[in-house]
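Me: Hi! Could you walk me through this structure in plain words?
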Amino acid sequence: MVDGTELVELEDRWLLPYRGMQVTQICVSYQLTLVLDGGAQVDLEAEAVLSEGPLRASDVVTSRLAPERQEVAPALALFGTTLLSSVAFKSGLLRLVFDSGMHLNVKPDAGYEAWSVRGPESLCLVCMPGGDVAVWQ
């Protein structure tokens, strides 16, 4: 039985156990870190796209985030939001959906670890250079 606090593996993705967790802290260094209230965090090291509304909508507003250059100001709007969905695709794409209507998408990077998620407890997924995803539980 799945209780919402464990990683769920499907054929092409993992459903991360972050549904209902709130962004309680945003940290900026060479990466962008979203600290979640459920004992988890999301680290972004590669360029990401933050959108308001569905990506395929004609009126979607998007912002590019570049953590390595500290160009992440639009991500501050995520503070206090709650995750509705968090999915790591086996292709290396990370997609987070927030209750504010914002979506955060991170594609894999050819030369860097594009993103990682940690927690709760010992759970860790890392998007390796090129898009493979390493998983520890």
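Me: How many helices and strands does the chain have?
Reply: The chain has zero helices and 13 strands. Helices (H or I, at least four residues) and strands (E, at least two) are DSSP runs, numbered from the N terminus. This is a predicted model, where local features need pLDDT of at least 70 and side-chain atom pairs pLDDT 80 or more, while totals for chains, interfaces and linings use all residues. Residues are numbered from 1 along each chain as its sequence is written, and side-chain values use heavy atoms, leaving out hydrogens and water.

Me: Which strands form the open sheet, and in what order?
Reply: Seven strands form it, in the order β1-β2-β8-β9-β10-β6-β7, with antiparallel pairing. Two strands pair if DSSP finds at least two bridges between them.

Me: Why is one side of β1 and of β7 left without a neighbour in the sheet?
Reply: β1 (8-9) and β7 (61-65) stand at the edges and each has a single partner strand, so one side of each has no neighbour there.

Me: And how many bridges join β9 and β10?
Reply: Four bridges, in the antiparallel sense, link β9 (residues 94-98) with β10 (residues 102-106). One example is L94, whose bridge partner in β10 is V106.

Me: New topic: what share of the residues is buried?
Reply: Of the 137 residues, 45% count as buried, meaning under 20% relative accessible area with a 1.4 Å probe, protein chains only.

Me: What does the C-alpha trace span?
Reply: Along its principal axes, the trace spans about 40 × 30 × 30 Å.

How values were computed
Buried < 20%, exposed > 50% of the residue type's maximum accessible area, 1.4 Å probe, protein only.
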